[in-house]
Amino acid sequence: MKKTVNIGLIDFNGKVVANAIYDELEAVKYKEGEILAKKDDKYGVINNKGKVLIPFEYKEIVADTYYDGTYEKTGYIVKKETQDGYKYGYIDYKWKKFLDSEYTEVSRLVEVDGKDIYLVVAKNGQYGLMKNKSKVIDFAYQSITYNRTANLLVVQRGEKYGAFDLGGKNIIPIEYRSIKFNGTYVCAKAYDDDIYFNQKGEKVENNFIGMKEIENLGLCISTNSDNLYGLVNKDGKTIIENSYLYMDHLFDKYFVANKQGNGVIDKDNNVIVDFKYDVLSKVGDKELLKAVSMGKDGDEVTIFSKDFNEIVKLKSMSIAIYDNYIEAYNSKEKVFIDNNGKIISSKELFKDNKLFAFSKDGKWGFENRNGETVIEPIYENVSEFNRYGFASIKQDGKWGAINENGEAIDGTKFYFGDGNLKPEFLGKYYRTHKENNEVMYTDEVDEDAYYENEL
């Protein structure tokens, strides 16, 4: 006979906060301080002090993953086993029963922001919509799906489709062969004709083959049948004629656009950066801009601030991205730039470091905070010292590591190509990834290894 093992909780001081009466305990995903517990083959939820938040009467409990900056207002979809099979209900983030467990399916529209809770629920094989505890769309449809861009619900009845708003108003009749979205516009197919509606359900003229909404601006990037890009508002009024070969949103009111070269325009079509670059894009998720001019002698890269002031320009530039700054560098120069677009010195940035990289006559070494040379500039390239006390050094095309005493660790033997890649070392081990992208350190020579922060 298998022995039953009961589980409880203790705090960091060893004090018992929940007696050992549970069959299973595991953290509720997305809900800090809440624990999914199993007792007598039923699930409930307790907190990290042992208090029961949701009673032990369910076959399954799953957090709905609603997120508004935190998961604090995430609720729970619960499942019970009944004589008629599994039935689902809903419990809100305050652990109050919201819907009884009488539905064959329950899912939350987690994309809808705000204090209201919208649940798509099924009963007797038919779907409806609950807003808070009130039914706003009857249980009369084979499916209900939500489009966040247009903020509308598509319903299916038989082979016909229509659309509702979140208030339960049927704004597009349920008489179309299909419903698709073109940005904030609705494209309803009636036999061979496409009929366009706005978000209010009003018919509109639409000559565009593509629409991409720009959140917070109330605008859409439009693409016409000639694959030219422009800008329209949500009512379909043209703001910028479809005259660009390419357009995408950068940040704020600014767009990268292509007109025989890449540049920047604002939402009023004023040219902010001339159309003269081969490549123009954001630097990762920073409000910084990377502009590339390709030439016979190598690429020249310029970094602009969010105000489109030039910060730095380097030949054959590489960019390493970190949380609070970026490093723009090549084999001879490097510049640190903070998230506000300000150039910052390595001594300001790495306050705990004792040594700092410097270059002289095309070679790299290390100096102390007073500017005195500690490690002679004999290397082809180097990194700053990391938090483990190691810096990367390059000699004869290969990389290795040194410690703060200038002692080489196991020589330089790793080849990472002819670019500006700077690997990170922990002793003789360099940072790389497994096939599943899990970070690891290894001392094996691997020419396919890469450094995760390089752009």
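## Contacts and burial

In this predicted model, 26% of the protein chain's contacts with a separation of 6 or more come from residues 24 or more positions apart. As for burial, 44% of the 455 residues in the chain count as buried.

## Fold and overall shape

Along the principal axes, the C-alpha atoms fill a box of roughly 80 × 75 × 35 Å.

## Surface and charge

The protein chain exposes about 25100 Å², and 42% of that area is supplied by carbon and sulfur atoms. On the charge side, there are 64 positive and 76 negative charges.

K315 sits in strand β34, which covers residues 310–315. With a relative accessible area of 42%, K315 is partly exposed, because that value falls between the 20% and 50% cut-offs. Leaving out neighbours within four places in sequence, K315 is in contact with D297, G298, D299, E300 and N330. Take D297 from that list: K315 and D297 are 18 residues apart in sequence, and their C-alpha atoms are 8.7 Å apart in space.

Next comes S316, in the loop between β34 and β35, the latter being residues 318–321. S316 isn't a glycine, yet its phi is positive, at about 50°. The relative accessible area of S316 is 42%, so this residue is partly exposed.

## D252, another positive phi

D252 is also worth a look if you're checking backbone torsions: its phi is near 50°, a positive value in a residue other than glycine. You'll find D252 in the loop that links β27 (246–251) and β28 (254–258). Its relative accessibility is 47%, so D252 counts as partly exposed.

D252 has a phi near 50° and lies between β27 and β28, while S316 has a phi of about 50° and lies between β34 and β35.

How values were computed
Residues are numbered from 1 along each chain as its sequence is written. This is a predicted model: local features need pLDDT of at least 70, side-chain atom pairs count only at pLDDT 80 or more; totals for chains, interfaces and linings use all residues. Side-chain values use heavy atoms; hydrogens and water are left out. Buried means under 20% relative accessible area, exposed over 50%, partly exposed in between (1.4 Å probe, protein chains only). Contact means heavy atoms within 4.5 Å. Accessible areas come from the Shrake-Rupley method with a 1.4 Å probe; for residues, only the protein chains shown count as cover. Lys and Arg count as positive and Asp and Glu as negative; His and the chain ends are not counted. The place of a charge is taken as NZ of Lys, CZ of Arg, CG of Asp or CD of Glu. Helices (H or I, at least four residues) and strands (E, at least two) are DSSP runs, numbered from the N terminus.
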